[in-house]
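Subject: Structure handover and findings

Dear colleague,

I am passing on the structure that we spoke of, and my notes on it follow directly below. Please read them with the coordinates open beside you.

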Amino acid sequence: MKKKRKIQRNYKVRKNIRKRKKYKFKPPFYILVIILVIISIIILNDLKNNIFFKINYVKSITFNNNEFKILLKRNNDYSCIITSDDKIPELNDKNWVKSENNICTIKYTNDYNKLYIKNNEKIIYKDYYLNYFKLNKEKIYIPYNTEYELPITYIGNLNNIKITTDSEYISLNNLKVKPTKSGKYTIKIKALKEEYSIEVTTSKYYVDTTKLTGKKALACNLVSKEENNLLDEILKGKINEVGYKTRAGVVEAARFLTLHFPYKIEYFYENGRLGTNGIDGEGRYYHKGLYLNSSKYSTISKSKNGPKVWGCSLYSTPVKHNDNNGLDCSGFVSWALLNGGFNPGDLGAGFTSTKNLTDLGNLKKITKSLIESNKIKAGDLVHNYEATGHIGIIIGIDKYNYYVAQAIWYDDNGVTVTKVSKSYMPTKFPHVVLMDDYYKKDGNYTEMW
């Protein structure tokens, strides 16, 4: 009997031991408990600071003209603040911006990218890493061998942007790009889980703003067909950027040929005009683009002693000898007008019995009071009486000077830019043609390049 009880007792002991082993805590469970405790502490800490992550009060965020516009989901009495500080802003911080019509409008400053929203009692929302990306242009035209800032607006950590290119001739430096060979290339940008593409076009004959005078004359047949096509595309693209059929578009065309094309187009006494004897491309070029390669001969309607592209020797009937083909004064101004989106027709410099370029706008005598009125703008035409009539176009204005683009037959022969002081302007160019009524729109106009 004693033996039986002992066996039963031993059985119960073994059973209890097995039971305890069955419900013994295992190490993974302890780890889970620790994690839950840490999470609870974080949540309690956030509750202490009156910040809630689960409720999103923001409907959308846009960025334009260096301003954030934060559209809120609820039309309540809310205020917003954007900061870069890790410290939570005080409720009485002077930088809080009150919402109007459900929108907080905040000026962007430095690298601030942390958004907080509050009501009258507490902070109700925060969003660390307020990242924003916008591609401003899908096509860019970069002067040859020049570093250019990519046309993007980005706020946030630059490490979140990945930029790649399909060519060894494009060098990348953070958000800057530099082409080292003529051509068209693609830049890929990956930002905020989205992918974007930018097309880059450059030519070795499209350079950053060059010197105003003293450029080397264009040589005959220097520019290939491919380069000519690239230049035409760049010219068109740059004009479209500032505004085709606007004052700015015409100014851009004149600046392109005088400042960005590295060679000088020489002066050529024209052999005729379309409106008189039908001659085209001999001192005047009635077409869009640059007349630099024989592939452009198909655009010429009629020749007298040509066709010959700019820079090639051509017989000039008025002076009875050969000169390098180029543009005369009215030919250059007409070319700029045409490429900017206006067709002035077959017009001369001015002050003759027939219609002239001086008849396109409001012809005024240049006086000190007119200059001080600031009514004269880049894109207006200027005239003097040299050689029975000479015309140019203003492409820049600073505090003391006008910069006149013109084709001249003396001194710096050819299409050039002349700096004329405002005090000397009434003597150098007695008349100006104010072109506001002709252009009607200014476009993205700038007084200087």
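I begin with Glu233, which counts as partly exposed because its relative accessibility is 24%, where partly exposed is the class between buried (under 20% relative accessible area) and exposed (over 50%), with a 1.4 Å probe and the protein chains only. Please bear in mind that this is a predicted model, in which local features need pLDDT of at least 70 and side-chain atom pairs count only at pLDDT 80 or more, while totals for chains, interfaces and linings use all residues. Residues are numbered from 1 along each chain as its sequence is written, and side-chain values use heavy atoms, with hydrogens and water left out.

Salt bridges

The side chain of Glu233 meets that of Lys184 in a salt bridge, at 3.1 Å from N to O, the term standing for a side-chain nitrogen of Lys or Arg within 4 Å of a carboxyl oxygen of Asp or Glu. Because Lys184 lies in strand E15 (residues 183–191) and Glu233 in helix H3 (residues 225–242), the pair ties together parts that are 49 residues apart in sequence; helices (H or I, at least four residues) and strands (E, at least two) are DSSP runs, numbered from the N terminus. Lys184 is itself partly exposed, with a relative accessible area of 43%.

The structure holds 17 salt bridges, and two further pairs may interest you. Glu67 forms a salt bridge with Lys107, with the closest N and O atoms 3.6 Å apart. This pair links distant parts of the chain, since Glu67 is in strand E2 (residues 67–72) and Lys107 in strand E5 (residues 103–107), 40 residues apart. Glu67 counts as partly exposed at 21% relative accessibility, whereas Lys107, at 54%, counts as exposed.

In the other pair, Lys98 forms a salt bridge with Asp77, and here the closest N and O atoms are 2.0 Å apart. This pair also links distant parts of the chain, with Lys98 in strand E4 (residues 97–98) and Asp77 in the loop between E2 and strand E3 (79–83), 21 residues apart. Lys98 is partly exposed at 49% relative accessibility, and Asp77 is partly exposed at 35%. Elsewhere, Arg247, Lys377, Asp380, Asp436 and Asp442 are linked in a network of salt bridges.

Surface charge

Lys139, Lys236, Lys245 and Lys288 gather in a patch of positive charge on the surface. A patch is made of residues with over 30% relative accessible area and no salt bridge, with like charges joined within 9 Å and nonpolar side chains (Val, Leu, Ile, Met, Phe, Trp, Tyr) within 5 Å. Lys and Arg count as positive and Asp and Glu as negative, with His and the chain ends not counted.

Helices and buried positions

For helix H4 (residues 247–260), 14 residues at 1.5 Å a residue should span 20 Å, and the end C-alpha atoms are 19 Å apart, which agrees; the expected span is 1.5 Å times one less than the number of residues. H4 is mostly covered, as 14 of its 14 residues are buried. Helix H5 (residues 329–339) is likewise mostly covered, with eleven of its eleven residues buried, among them Phe332, Trp335 and Leu338. After H5 comes Gly341, whose phi is positive, near 115°.

Among the strands, Ile82 is found in E3 and counts as buried at 11% relative accessibility. The C-alpha atoms of Ile82 and Ile117 are separated by 9.0 Å, although the two residues are 35 residues apart along the chain.

Backbone points to check

Most residues other than glycine have a negative phi, and most peptide bonds are trans. The peptide bond from Gly306 to Pro307, however, is cis, with omega near 5°, and Pro307 lies in the loop between H4 and strand E17 (313–316). Leu192 has a positive phi near 50°; its place is in the loop between E15 and strand E16 (194–202), and Leu192 is partly exposed at 35% relative accessible area. Phe351 has a positive phi near 65° and lies in the loop between H5 and strand E19 (362–365).

With best wishes

Definitions and conventions: Areas by Shrake-Rupley, 256 points an atom, 1.4 Å probe, with all protein chains shown as cover. Charge placed at Lys NZ, Arg CZ, Asp CG, Glu CD.
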